[in-house]
There are 2 protein chains.
Amino acid sequence: MTGVAPHAAWLPDDAFAAIGSRRVVVAGDGALTATIAEEVAAATARFGGAFSRLDVGDGVSDAELVLTLAPSLVEPVETIEVSTRDASAGSGAAAEVSGIDESFRFMREAGAVVVQAGTDAGLLHGLFHVVRLGETAFDGPDTDETHAPATDLRMLDHWDNVDVHPTMGQVERGYSGGSIFYDNGFVRADLSRVERYARLLAAVGINRVAINNVNVHEHEARLLTDDLGDVVRVAAVFRRWGIRVHLSVSFASPVTLGGLDTSDPLDQDVAHWWVRAAARVWDAIPDFGGFVVKADSEGQPGPFAYGRTHADGANMLAAAVEPYEGLVHWRAFVYDHRQDWRDRSTDRARAAYDHFHPLDGAFSENVVVQVKYGPLDFQVREPLSPVLAAMPHTRVALELQVTQEYTGQQQHAVYLGQQWSQLLGFRFWEPDGVGGGSPTVADLATGRGKAANDPGTGRWRKPAGGFAAVSNVGDDEFWTGHPFAQANLYAYGRLCWDPTLDPGALLDEWVGLTFPGAPDAVGEAVRAVLDRSWETYEQYTAPLGVGFMVRPGHHYGPDVDGYEYTPWGTYHFADRDGIGVDRTVRTGTGYAGQYPSPWSATYESLSTCPDELLLFFHHVPYTHVLHSGKSVIQHIYDTHFEGVSRVEEMIGEWSKVSTLVDPRVSERISERFAEQLRSATEWRDQVNTYFLRKSGIPDERGRTIY
Amino acid sequence: MTGVAPHAAWLPDDAFAAIGSRRVVVAGDGALTATIAEEVAAATARFGGAFSRLDVGDGVSDAELVLTLAPSLVEPVETIEVSTRDASAGSGAAAEVSGIDESFRFMREAGAVVVQAGTDAGLLHGLFHVVRLGETAFDGPDTDETHAPATDLRMLDHWDNVDVHPTMGQVERGYSGGSIFYDNGFVRADLSRVERYARLLAAVGINRVAINNVNVHEHEARLLTDDLGDVVRVAAVFRRWGIRVHLSVSFASPVTLGGLDTSDPLDQDVAHWWVRAAARVWDAIPDFGGFVVKADSEGQPGPFAYGRTHADGANMLAAAVEPYEGLVHWRAFVYDHRQDWRDRSTDRARAAYDHFHPLDGAFSENVVVQVKYGPLDFQVREPLSPVLAAMPHTRVALELQVTQEYTGQQQHAVYLGQQWSQLLGFRFWEPDGVGGGSPTVADLATGRGKAANDPGTGRWRKPAGGFAAVSNVGDDEFWTGHPFAQANLYAYGRLCWDPTLDPGALLDEWVGLTFPGAPDAVGEAVRAVLDRSWETYEQYTAPLGVGFMVRPGHHYGPDVDGYEYTPWGTYHFADRDGIGVDRTVRTGTGYAGQYPSPWSATYESLSTCPDELLLFFHHVPYTHVLHSGKSVIQHIYDTHFEGVSRVEEMIGEWSKVSTLVDPRVSERISERFAEQLRSATEWRDQVNTYFLRKSGIPDERGRTIY
């Protein structure tokens, strides 16, 4: 933990000014109501308002804000019907799985606000809704709104290690200092930073946190057993903020921790070992969330070692946690990471679909199959994973990466809200992907839509897997290294609650909370810097969906051939004539055929494949002309020059307002911008030089390439 | 330390059979005479001979082997005249620097052998001479020979860290397990392995060992001060075998250890700090050897920070150690490791010459400027460093790398004897480099020749800097990972003693000692495997002197573009038309001009530059025709296919005899061969594919390229 107090992020004291200056009543019981009362009491003490705590139903005549538990007033939360593939055969009748009711009702009458909720969890969300609105909560016409989250599975995964890992460090893919949970082999004695973190998460709607790396090393595995007491301590902190704790577990635990000679999921001793392990965990942590499992992936153990399927593995765990309504988040990130680069018939992009699509319907109801948004690995541009559309009878979670592994590692200002919004709004069954009545990706993850490819009656809803994402937080002063990277964490939480929110509007929300009282120019500058920052990053890095032109290992900075001859399955096949991966059905790996119609055909055809994914699906000559009218090679040159120019513009925009915010924030942003410009220039020059050397085709505009 | 007893290497008990079965007398005093007596006593006890210890001059009538100190019988060792550049001005009159006399006399009369030496160090070398000869020592015509080392500076450098370094581990560039000296932060309590090592080194003639990494990290720096007691313990072990200990020191020690605010070499407090530090070291270790310094190199501190020259820095240290006849080994490996790959005018190859040539004559007499054999960094093929020829008034040491950083990391069977022999025999001033009367590189390092480019009277001899090399030893069962890598350590020691020895004959010596009693077929197989192994490794890795096509960081395995866009100054500039670095004076970086005539002209001209260094000196089209008659591209394809074929042949040769040696040795060799074949195939395919993709020119023979 650094000696400096952590930055307040989007909950500075001044964010509570509107509440704090009013007469506020909090009514109700429960742990979270106590949390709410503490927040309100502190705010009113600070800003001169008045705070009363009453029982539900007591008179509250002159209150300007009432936060009250009122079960009878709240609409029942929609339940989610789950069916399994063989439901019609009668063997798996539809079951109801309902989460905690987190909805709340927001009523304004003549400037006085009442927030009601059926649970104290819902009431806490209502409080933060009022915080976000600020003065506008009390300003405007009378209203009566009910707010409910799109899904009750809104999760953040921490890739934190207890022991510092020899190559991956304290936090795998962490770019924000050390872990807030662990310090060099121990769970921290002082969890005050975790408490602050939980509060920030609650304020954006996150309700589940997995606290250790999905790559479960030896020491970390013991969180499940010997070190469970540490998890109890962490869970107690999160509980005060309505957040459940999950653990990543090693599939080999029965062997490594239990001393059994197998981890075969069909072995009864193994199953019983997990039953006992789960019993101990829930005994210690009654609201424990469940297990996250990375199995048979990048060296992690899994059911393949015993000739079992991933459904066998997941269901065995699911049975162990089922009595406690626990979940098993089972990652679909399964592929051959010892591929032979010489073999162009193997395609890593196909792997998740090939492994999991045949298992649709075979997973237990409390298994969530967690699917990375793209078929590879969190690149700046990938098509959506076809697995998301291919498992109508399975709870599928969309997995995002808030930590900027491949998007600038929190050295670069890259706001991912637009990317996520695009992904969430994509419709697999519509020709243009954005209109029409078939489900969006968000619908598929939240169970809110009707699946168009239902092979059965068309009556069922898709079971919900919700959202998961890798956190970008560490013990850095600003939590996220780059202060602007806070906006990604903010946006992720908000989009989990409501995937239809506008990412630009979320930036405005974030600015309003984070820089309260700052001149409008600050918000305008943040928008000018961040609105197109994802697109800008794409411009100066890997073109046209080709991906993975990064330095192997740490994944920062350019290395066009860095992964070209490796076992990782991430190639571009550039030669002196052209570039790209043929993933068509007709002549390539067949990956395009994993999409439902019409996208299978759209991607298959060179004439209809979108420019931004051209090299993901096709190998083309450098002279191929894009829909944009430019050749591929000229597109590469132009976007790389333009990307760097845009970074210069971003820096210019920010410089206009940099003195208007906290000097510490300003100094950090300025340091990061210097690095971003250096790095973007390096990307531009390396990528352009590589392709000029290879293609021999000069830049039409004669700019400097080396 | 592993639990398994270390392999006997070239000193198995049976290597002493010829001595042990005879009547042996050891006569004389001194610590090393006691060591000799122990060796002989053990051997005679084992093999049924007889051992007597007498005073010098006592009757030894029936002895078959006499090892005796006999100062009067030994020829005086040639002294080395040292002159400084301004000797003629009278300010630096020629001084004599003489090392310990390590020569011995070997006399055989009617099958009885007498070894005489003026010092017990010489006598120890005489003992091991007899061990190496075995039965042939006693067999043959009467003889009377005097043996003396080519130089008294025959050094091994250990890049061992006391603390495990986060990226470099316990031994930087170590491929043989942990350190024999250190274990995770401590000097080992049990130094028995060091004792065995010292014995092995003594048997091949090494007489100086630097025991810590030239990259001196925080903990390691304290060996000079707080942890000096540990060095005393290590030195005591080596002393029994006639070997002096040196330490790598940090130039910043006055600041980091002494608490001064500067390490400026011209600051009197700094100089005095070093004077006191040296006094403490020699007070504790009277035969301490001196300091090794990597300054202003790859992030290590140095005199540049204070606007001083390397002569200023080295001479300040030299003054501190001069009262004890201590040496300062000052590395010439100084270059800009933050180069801009876009800037083709900067040439790392030029750096050592540019920094050090102007300082010739400015270094104190007890400074040795330690020069890597090539201008870059221990590549499988580089031209010799022009610094070796450019400092006639400076003690210059030739630095080699026994540890196989760039030559297969002891996974590949690569015998470096032939490379070193070529380097040692090269003559900078002769048209063909191998004949003529001007000095060889060995002469330049040992002071045995007359420098042809003497700007003065022509009377002087070059002062001697001797040899240094990075050790390849660790706590591995076989010392060196690959059992065959023992041969490199063996050959290095023997070539230090006599640089004219034939590297093939040294392999025979090594086999004879290491596999005593094995059938002749074993020796033949070793020769068949190793004789051309260096050339074979060159074939399947980086062609025509281009170098550095390795994975960044660990430097194992291929990555053609791995260093192409990095700050390290190691580029090949391959594009679709051609490859190579133009280092000519006329159109390139001018590096070729750093050589004396005729080599400056030979390298400058495309028509005379040797094929094997073509791409080091010239950028040429892939279609350029070599002296061999092949095009560059066809040469690349052919050598890569042939290299792998040769590895297969090596494996075939060894398989004929693998059952004739210790099964543990055989098993290890077999494991390593499997990896060598895998790796060589990977090299072949990646390099060929890279150049086919880039050049578009197919293999004339139509072999598979991907």
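Q: Buried means under 20% relative accessible area, exposed over 50% and partly exposed in between (1.4 Å probe, protein chains only); is S600(B) buried or exposed?
A: This is a predicted model, where local features need pLDDT of at least 70, side-chain atom pairs count only at pLDDT 80 or more, and totals for chains, interfaces and linings use all residues. Residues are numbered from 1 along each chain as its sequence is written, chains are lettered from A and ligands numbered from 1 in the order written, and side-chain values use heavy atoms, without hydrogens and water. S600(B) sits in helix α17 (residues 599-604) of chain B; helices are DSSP runs (H or I, at least four residues), strands likewise (E, at least two), numbered from the N terminus. With a relative accessible area of 19%, S600(B) is therefore buried.

Q: Which residues does Q409(B) touch, beyond those up to four places away in sequence?
A: Q409(B) belongs to the loop between β19 (395-401) and α11 (417-425) of chain B, and is buried at 9% relative accessible area. Contact means heavy atoms within 4.5 Å. Its partners are Y175(B), Q404(B), H554(B), H555(B) and Y556(B).

Q: How are α11(A) and α13(A) oriented to each other?
A: Let's look at the axes, which are lines fitted to C-alpha atoms over the stretch in contact, with angles from 0 to 180 degrees between N-to-C directions. Those of α11 (residues 417-425) and α13 (residues 486-497) of chain A come within 10 Å and cross at roughly 25°. Angles under 35 degrees count as roughly parallel, over 145 as roughly antiparallel, 65 to 115 as roughly perpendicular and the rest as oblique. The two helices are therefore roughly parallel.
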